[in-house]
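Hello,

Here is the structure I promised to pass on to you. Have a look at it first, and then read my notes below.

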Amino acid sequence: MSTYLNEFRDPAIAHLMLDEIRRLVTRPWVIMEVCGGQTHAIVRSGIDQVLPSEIRLVHGPGCPVCVTPLETIDQAIAIAKRPEVIFCSFGDMLRVPGSQQDLLSARAEGGDVRIVYSPLEALQVARENPDRQVVFLAIGFETTAPGNAMAVIQAAKEGLANFSILACHVLVPPAMRTLLSSPDNQVQGYLAAGHVCTVMGLAEYEEICVDYQVPIVVTGLEPNDILEGLVMIIRQLESGRHEVENQYGRSVRTVGNPLARDMVARVFTIKDQKWRGIGLLPKSGLQVREEFAAFDASKKFAVTDIVTHEAAECISGIILQGLKRPDQCPAFGTGCRPEHPLGATMVSSEGACAAYYQYKKI
Amino acid sequence: MCLAIPGKLIKIYENTGLKMGEVDYDGTVSQVCLEYVPEILLGQYTIVHAGFALSILDEEEARKTLEIWQELLEKADQFRDKPGHD
């Protein structure tokens, strides 16, 4: 085994998978890839261009930056502007449009906003600046929650009273259920997010299969993983089966990662969560437990006077639900570009609009 | 936030009571927390999100996948080589 990369990108294998897909397909199917990383791999490698016309891939809501609600962005900006605060965030979040401005412009106005790659870096900033309040914008799906939980536990252990997180975690399976429950739903099968399942395992997906009678294939992020995931799901669809299958066995175990899951459960509880562009989804988010309230920035810094304003031309909510493609938006590439985004889907490295802008010459 | 490619563990150390490591992504080295994969060994590949290793890639599973693909490829080639098919 060399790097786990090139072997999963072999064009000869890709052609083989495509031949198999063409052989299997007898009628139209709509398949959603849930994860934004998969969307980028599909658009970058051109998989969507070479599939038979019967197979329509729709891009899912799996971009945490995109679905972080406007209220949280506005709250983050208000906290970042406080003189005693050092505000730490993943780089992706800085250009996400809030109601009035983004974190980058808050920094230009004097806010101490710093980019970090891990919550542990934010912890280090807190250790080095005992006279400042260090706030980490803790967003993401099930993949980033274990790290953010560990940061809280570590801060509690060390008694770092100047560290807190502004948590906005979203959970994938409730969103998958919501999409399937919608009267507008067209999705007949899911490629589930390989890395979310690496943490959480397969149990929640088994339940979705039973409740909605749709096939789910847990899929990796390399082009040939995605093509094999498509072969597996089309095989199920064509034979009328609806089961959970695991294409990404090299990373995903049935039980997920129990150590990571337990740590998440220790620090967070499940709550109803608003998703930007989609709305309030029951039991689809995480909030810091009362026990750790001292490390919860939403409690530490009460921001009350938020009035949100979303750009009217932005259809990112419809795009996140797979009901329209980015290039079907009138503002795409004209009024909305990465330099002047109307919505988060245009700036995030996992956003569908950013993928179309970057890889499709439209 | 999500560095979705696998990296190779090249060093294990401890910092502020946490098991940490250095992970090499084809020449770029990152500091990674290993608390969620405590059994990981040097040289193994891992999937990392936001500075935390979340899984150890299973070499046996990966080899199985690649072998199946290779077999299919060989079968397809044989099929193509038979007279009457192009």
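The contact draws on 31 residues of chain B and 33 residues of chain A, where two residues are in contact if their C-beta atoms, placed from the backbone, lie within 7 Å. On the side of chain B that touches chain A, strand 4, strand 5 (52–56) and helix 1 (59–81) each supply at least two residues. Helix 1 of chain B gives the most, with 10 residues. Helices (H or I, at least four residues) and strands (E, at least two) are DSSP runs, numbered from the N terminus.

A word on the source: this is a predicted model, in which local features need pLDDT of at least 70 and side-chain atom pairs count only at pLDDT 80 or more, while totals for chains, interfaces and linings use all residues. Residues are numbered from 1 along each chain as its sequence is written, and chains are lettered from A and ligands numbered from 1 in the order in which they are written.

In chain B, B:Val48 belongs to strand 4 (residues 45–49). B:Val48 is buried because 29 other C-beta atoms lie within 10 Å; the cut-offs are 20 or more for buried, 12 or fewer for exposed, and partly exposed in between, with C-beta atoms placed from the backbone.

Over in chain A, strand 8 (residues 216–219) points A:Ile216 and A:Val218 one way and A:Val217 and A:Thr219 the other, and all are buried. Strand 8 of chain A pairs with strand 7 (residues 189–193) of chain A in the parallel sense, over 4 bridges; strands pair if DSSP finds at least two bridges between them. A:Ile216 is the bridge partner of A:Tyr190.

Best wishes
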